[in-house]
Amino acid sequence: MGMQDYEGYQALCVPHRPVGADDALVLLEEVYAISGASIRRIATERDDTFAVTASGGNGPQWILKIEHPMESREAVQMRARSLHNLQERDPTLPVTRIIPGVGGELISAYRQGDVSRSVTLTTFLPGQVLAQSEHAPSDLLLFAMGDSLARIQRVLAGQRDFEDRLGRVLWDIRLLPDIAEGTLPEMADAEIRNAVERAVESYLAVEPEVESLPESMCHGDFHPGNLTVDPLRPNALAGIMDFGDMHMMPTICDVGTCLCYAVDVDSSSETPLEACRRLLQGYLWSVRNAGSPQEPVQSEEDTLALLPTLMEARSALALVLPMMTQLQAGVDPEHYLSGPQARLKRLQVMQNHSKQQLQAMLGLEDVEQTSSPSSGNQWST
């Protein structure tokens, strides 16, 4: 398939009329009985999203999302049910909460001419966005991140009532070859182009193995830009947000996505994957100490060995996909966590080491000895 065949790409190519602030305020009052609020638009790739502050409030309490006209109601319902299931089945996870409308419905509709667009309201999470923190995350926080990702996967693994399609969400490692093929001709920077081409070649070498793995519903975008921390409790996650890229995929791809954003891009670092290793330890500890069964695919040695390649592929996707969304939907590049040169550095870190070296950095040679965060002084703060 070419990228023009994917639903996510087709949606990018379909323009939509932005919802104005006044209309969004009316929607809030009619559907959620929230009046007198103030709102601030949040830049996104393909929808209308607003941070909502209640009358007299000091900061946002909710996020109002009005989906792209091409986003199916079934997909929005799936995400709403997922958030509801997370709240019910693992209430200590600090995930964003879905707020029902006045009639009790989890999703509502916004009429824009003859077009109906799905609407959701979720809680705005407290704390500081981790990607904006001046301090590197502690070992305990990294462990908590890995543990939280595994717990989310555990809840979502039982959610099989949505028939997903590859390409509905473009942020999928498996789409890298097609997205790169359609975007690289537009890329003038030869250094970036060569690095992406190398990542594509690396991924294609393991693609059959990845495609053979079972799929499960995953967060799909678990990274520091979607996590918050409380400065008074820096070793614990305060919030996990933005479930808009949830989709079916092998869970190891979800892990690779998460780990790639923890790579240290400082060229002087001798241990660029140290944070990744700590995070992976938390993930594996959670998988192996779960109170309920989880698909064992993540703990199989051969599958874990895929992580360096998947991290490299996701790093490459983070270079080409923003370019594509800018070309097709006019998305402001400032919307993304970092600029292309910073993203290139992350990819180069992965490519400057052999896969065996990267596996060793991740601690994959002794994963069976993964310990809990309280064993000894390994998890210092």
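**Figure 1. Lining of the second largest pocket.** The lining residues divide into eight nonpolar, five polar and six charged (nonpolar: Ala, Val, Leu, Ile, Met, Phe, Trp, Tyr, Cys and Pro; charged: Asp, Glu, Lys and Arg; polar: the others, Gly among them). The model is predicted: local features need pLDDT of at least 70, side-chain atom pairs count only at pLDDT 80 or more, and totals for chains, interfaces and linings use all residues. Residues are numbered from 1 along each chain as its sequence is written, and side-chain values use heavy atoms, without hydrogens and water. The pocket holds about 240 Å³ of space and has 19 lining residues, with H16, T44, E45, A329 and V331 nearest its centre. Two or more lining residues each come from α1 (7-13), β1 (38-42) and α10 (307-329). A pocket is an open set of points on a 1 Å grid over the protein atoms alone, where a 1.4 Å probe fits, with protein on both sides within 12 Å along at least five of seven lines; lining residues have an atom within 4 Å of a point. The volume is the space filled by probe spheres set on the points, which are joined across faces, edges and corners.

Figure 2. The strands run in the order β1-β2-β3-β5-β4 with antiparallel pairing (strands: DSSP E runs of at least two residues; helices: H or I runs of at least four; both numbered from the N terminus). β1 and β4 (108-112) are the edge strands, each with a single partner, so one side of each has no neighbour in the sheet. Neighbouring strands are turned by 30° against each other on average, direction ignored. Helix α3 (residues 73-89) packs on this sheet and touches β4 and β5, its direction making about 15° with that of β5 (contact: heavy atoms within 4.5 Å).

Figure 3. β1 pairs with strand β2 (residues 48-53) in the antiparallel sense over five bridges (a pair needs at least two DSSP bridges). The two form a hairpin with five residues between them, and R40 has A51 of β2 as its bridge partner. β4 and strand β5 (residues 115-123) also pair in the antiparallel sense, over five bridges. In this pair, Y110 stands opposite R117 of β5.

Figure 4. The order is β6-β8-β9, and the pairing is antiparallel. β6 (128-129) and β9 (233-240) stand at the edges with a single partner strand each, so one side of each lacks a neighbour in the sheet. Strand β8 (residues 227-230) pairs with β9 over four bridges, and V229 has L237 of β9 as its bridge partner. Helix α4 (residues 139-156) packs on the sheet, where it touches β8 and β9, and its direction makes about 30° with that of β9.

**Figure 5. Packing of helix α7 against α8.** The axes of α7 (residues 251-260) and α8 (residues 274-288) come within 10 Å and cross at roughly 145° (axes: lines fitted to C-alpha atoms, for helices over the stretch in contact; angles: from 0 to 180 degrees between N-to-C directions). The crossing is right-handed (near helix turned clockwise from the far one by less than a right angle; anticlockwise is left-handed). T251, V255, C258 and L259 of α7 meet C276, L279, L280 and Y283 of α8. Seven of these contact residues are nonpolar, one is polar and none is charged.

**Figure 6. Packing of helix α7 against α10.** These helices pack at an angle of about 65°, their axes 8 Å apart, in a right-handed crossing. I252, C253, V255, G256, T257, L259 and C260 of α7 make the contact with L307, L310, M311, R314 and S315 of α10. The contact residues divide into eight nonpolar, three polar and one charged.
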